[in-house]
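Please prepare a short briefing on the structure shown below.

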Amino acid sequence: MPEFATPYSGTTLDRPMTKQELIRAIRYAIAAEYEAIQLYMQIAEAADDELATAVLKDIAEEEVVHAGEFLTLLTHLAPEEKQLYDEGAGEVREMMEKLGIEHEAA
Ligand SMILES: [Fe+2]
């Protein structure tokens, strides 16, 4: 079990992560948040219990917040990726313009 006094206890590393390892771990954490959202929404939509559905949808929404936190952390750790995200966003905005779909200007 991890211990508070030894921050790397419980990990498979016997040293601090490198920056690239941290970036990969954060990407994995983002994927885990989206997987959790999918799982909780699937259960919420399948459940025949009003409270369980409400709790699961509430937690799913919190996971979206967590994903946002991790995405912000990732773009801080890997600012070069932000340029690529912006490039992708620009490509979608171009498609939206071609299709006559309104969008917010970046
Ligand atoms: Fe989370």
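The protein chain contains three helices and zero strands, arranged along the sequence in the pattern α-α-α; helices (H or I, at least four residues) and strands (E, at least two) are DSSP runs, numbered from the N terminus. This is a predicted model, in which local features need pLDDT of at least 70 and side-chain atom pairs count only at pLDDT 80 or more, while totals for chains, interfaces and linings use all residues. Residues are numbered from 1 along each chain as its sequence is written, and side-chain values use heavy atoms, with hydrogens and water left out.

**Chain overview**

- Of the 106 residues in the protein chain, 17% are buried (buried means under 20% relative accessible area, exposed over 50%, partly exposed in between, with a 1.4 Å probe and protein chains only).
- The protein chain exposes about 8,500 Å², of which carbon and sulfur atoms supply 59%; accessible areas come from the Shrake-Rupley method with a 1.4 Å probe, and for residues only the protein chains shown count as cover.

**Iron site**

- Glu33 (OE), Glu33 (OE), Glu63 (OE) and His66 (ND1) coordinate the iron ion at 1.9 to 2.6 Å; donors are N, O and S atoms within 2.8 Å of the metal (3.2 Å for Na, K and Ca), and water is not among the atoms, so sites may look incomplete.
- Glutamate 33 belongs to helix α1 (residues 19–46) and glutamate 63 to helix α2 (residues 50–77), so the pair links distant parts of the chain, 30 residues apart.
- Glutamate 33 is buried at a relative accessible area of 12%, and glutamate 63 is buried at 10%.
- Along the chain, the donors of the iron ion follow the spacing E-x29-E-x2-H.

**Salt bridges**

- The count comes to three salt bridges, each defined as a side-chain nitrogen of Lys or Arg within 4 Å of a carboxyl oxygen of Asp or Glu.
- Glutamate 81 and arginine 27 meet in a salt bridge at 2.3 Å, N to O.
- This pair links distant parts of the chain, with glutamate 81 in helix α3 and arginine 27 in helix α1, 54 residues apart.
- Glutamate 81 is buried at 11% relative accessibility, whereas arginine 27 is partly exposed at 37%.
- Lysine 82 and aspartate 86 form a salt bridge at 2.8 Å, N to O; being four residues apart in helix α3, they are separated by about one helical turn.
- Glutamate 21 pairs with arginine 15, their closest N and O atoms being 2.8 Å apart; arginine 15 is partly exposed at 33% relative accessibility.
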